Amino acid sequence: MRQLKDDLTASLIVMAVLGAVTAVMLLLQANQVVHSFDLVRDTNAIAGQPPWFGAISNLGILSWAVAAAWYWFAYALARPLAPPALLRCLWLGGSYSAFACLDDLFMIHEHAGQLGLQSGEKVVFGLHALWLVVFVASILPRIRNYRWLFLGLSLAFFGGSTLVDLAGMKLAPGMDHRDVVLVEEVQKLAGIVFWTVFAMTTSRDAVLILLRRATLHGDPAREGRGIQATSPALPGSRRQSEVSLMESLTDTPRVAPTYSSSGQPLAPERGAHARLD
């Protein structure tokens, strides 16, 4: 019954959001800003262009969305258990991925100048750079525990793409503009893909490690209990008679063993890092 109540609440929230979006579209149409017909159709259909126009750009947007989903899903799972450093990594990574996705989807950096921002494109690029600096700074003290190669390649390709975008024709004055754009976009796509791979592997490792370390307070497979039986469900509700699970995460340098249904210990999965905190 409680689950049904929660589902109804979530459904009402979704319907309220959809209703608000519809109301905004109708308001814009009533004030002759833009017709709702142009807001619900595909951009290539409106422009009368083939469906493959902008395909590489669309792949990049999808990749940003995937990265944001991985980061935030891992954040939601790890939030009751993980140390603050790991939570900052997951939250900042997800929020930057979502911001970059919206930037590419609506071409914010291209149209920032039209919104009254002087040197608008450079302002948006500066915001990208600042966000990435904060993200890297948040994980730098423990960078060896992360998949740093993927992150390094991503940042290198982002830097190359930005350099070409800001000074492409100056770097290669005799080069055709379309070729310059190709070099820029290929580097950008490579950066997005490596960023997404970093997001997927980091989020996966974080969840696996947190689940395994949760067994430090018991063996769910043998005792028939879930992780919630020995870990706090909400902040402030930890049992005083037990050692804090957060303390175990931050102070214990090993990964706790997991067991099969027959009671045999399972070897740690290859590829999962031992520490992400």
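How many aromatic pairs does a search of the whole structure find? The search finds 14 aromatic pairs in this predicted model.

**View 1. The aromatic pair of Tyr75 and Trp91.** The rings of Tyr75 and Trp91 are tilted, with 5.6 Å from centre to centre and 50° between the planes. Tyr75 belongs to helix α4 (residues 55-78) and Trp91 to helix α5 (residues 84-106), so this pair ties together parts that are 16 residues apart in sequence. Trp91 has a relative accessible area of 43% and is therefore partly exposed.

**View 2. The aromatic pair of Tyr96 and Trp195.** Here the arrangement is edge-to-face, the centres being 5.4 Å apart and the planes at 70°. Because Tyr96 lies in helix α5 and Trp195 in helix α9 (residues 177-213), the pair ties together parts that are 99 residues apart in sequence. Tyr96 is buried, at 4% relative accessible area. Trp195 is buried as well, with a relative accessibility of 0%.

**View 3. The aromatic cluster containing Tyr96 and Trp195.** Tyr96 and Trp195 belong to one aromatic cluster, together with Trp64, Tyr71, Phe99, Trp131, Phe135, Phe158 and Phe198.

**View 4. The protein as the setting of the close-ups.** Of its 277 residues, 33% are buried. Among contacts between residues at least 6 apart in sequence, 70% join residues at least 24 apart. The protein exposes about 17,300 Å², of which carbon and sulfur atoms supply 66%.

Definitions and conventions: Residues numbered from 1 in each chain as written. Predicted model: local features only at pLDDT ≥ 70, side-chain atom pairs only at ≥ 80, totals over all residues. Heavy atoms only, no water. Phe/Tyr/Trp six-rings, centres within 6.5 Å; stacked < 30°, edge-to-face > 60°. Helix = DSSP H or I, 4+ residues; strand = E, 2+ residues; numbered from the N terminus. Buried < 20%, exposed > 50% of the residue type's maximum accessible area, 1.4 Å probe, protein only. Contact = heavy atoms within 4.5 Å. Areas by Shrake-Rupley, 256 points an atom, 1.4 Å probe, with all protein chains shown as cover.
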